[in-house]
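Open the model in your viewer and turn on the cartoon view. This tour tells you what to select at each stop.

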Amino acid sequence: YEGERGADRLVRVEFANGNVQHYEGEQGAERNVRTEFADGEVQYYEGERGAERMVRVEFADGTVQYYEGERGAERMVRLVLPSNVVHYEGERG
């Protein structure tokens, strides 16, 4: 937590398995903006608290996946590999 007593806000949660969740926002409206996994994967989120949606995943090998869509209905729209870029269209499924 950070901030004055009574106005402190959540900024980070560290788990025993090495995963770390990062939060931004005012007290009571903190939202998850990034989750770092022990294996090097990093997931990025956008949206208000309770409606955060995954927008990007970066892997330790340099691969990056980009997502669009509302929370729970995210779909991959682009995959960036070390050797090429793949684009996707259409609904999740």
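## A first stop: Glu 36

Select Glu 36: with a relative accessibility of 27%, this residue counts as partly exposed. Keep in mind that you are looking at a predicted model.

## The whole chain

Zoom out. How many helices and strands does the chain have? There are zero helices and eight strands. Follow the chain along its sequence and you read β-β-β-β-β-β-β-β.

Turn the model around. The C-alpha trace spans about 50 × 25 × 15 Å along its principal axes. The radius of gyration is 15 Å, whereas a compact globule of 93 residues would have one near 12 Å. Of the 93 residues, 28% count as buried.

Next, think about contacts between residues at least 6 apart in sequence. Of these, 0% join residues at least 24 apart.

## The sheet

Colour the strands. They make an open sheet of eight, in the order S1-S2-S3-S4-S5-S6-S7-S8, with antiparallel pairing. Which strands stand at the edges? They are S1 and S8 (85–87); each has a single partner strand, so one side of each is left without a neighbour in the sheet. Look along the sheet from strand to strand: neighbours are turned by 20° against each other on average, direction ignored.

## Two hairpins in a row

Select residues 12–14, strand S1, and residues 20–24, strand S2. These strands run antiparallel, and three bridges join them. Find Arg 12 and look across to S2: His 22 stands opposite. S1 and S2 form a hairpin, with five residues between them. Click on Gly 18 in the turn, where phi is positive, about 100°.

## S4 and S5

Move on to residues 42–46 (S4) and 53–58 (S5). The two pair in the antiparallel sense over five bridges. Which residue in S5 is the bridge partner of Tyr 44? That partner is Arg 56.

Show side chains now. Glu 46 and Arg 53 meet in a salt bridge, 3.8 Å from N to O. Glu 46 is partly exposed at 43% relative accessibility, and Arg 53 is partly exposed at 24%. Then select Glu 58 with Arg 56: their side chains also meet in a salt bridge, at 3.0 Å from N to O. Glu 58 counts as partly exposed at 25%; so does Arg 56, at 24%. A search of the whole structure finds seven salt bridges.

## Last stop: Arg 92

Go to the segment after S8 and pick Arg 92. Is Arg 92 buried or exposed? The residue counts as exposed, with 52% relative accessibility. Set aside the neighbours within four places in sequence, and Arg 92 is in contact with Gly 72, Ala 73, Glu 74 and Arg 75. Finally, select Thr 63, which is 29 residues away from Arg 92 along the chain; their C-alpha atoms are separated by 20 Å.

Technical notes: Residues are numbered from 1 along each chain as its sequence is written. This is a predicted model: local features need pLDDT of at least 70, side-chain atom pairs count only at pLDDT 80 or more; totals for chains, interfaces and linings use all residues. Side-chain values use heavy atoms; hydrogens and water are left out. Two strands pair if DSSP finds at least two bridges between them. Helices (H or I, at least four residues) and strands (E, at least two) are DSSP runs, numbered from the N terminus. Axes are lines fitted to C-alpha atoms, for helices over the stretch in contact, and angles run from 0 to 180 degrees between N-to-C directions. The radius of gyration is taken over C-alpha atoms; the globule rule is 2.2 Å times the number of residues to the power 0.38. Buried means under 20% relative accessible area, exposed over 50%, partly exposed in between (1.4 Å probe, protein chains only). Contact means heavy atoms within 4.5 Å. A salt bridge is a side-chain nitrogen of Lys or Arg within 4 Å of a carboxyl oxygen of Asp or Glu.
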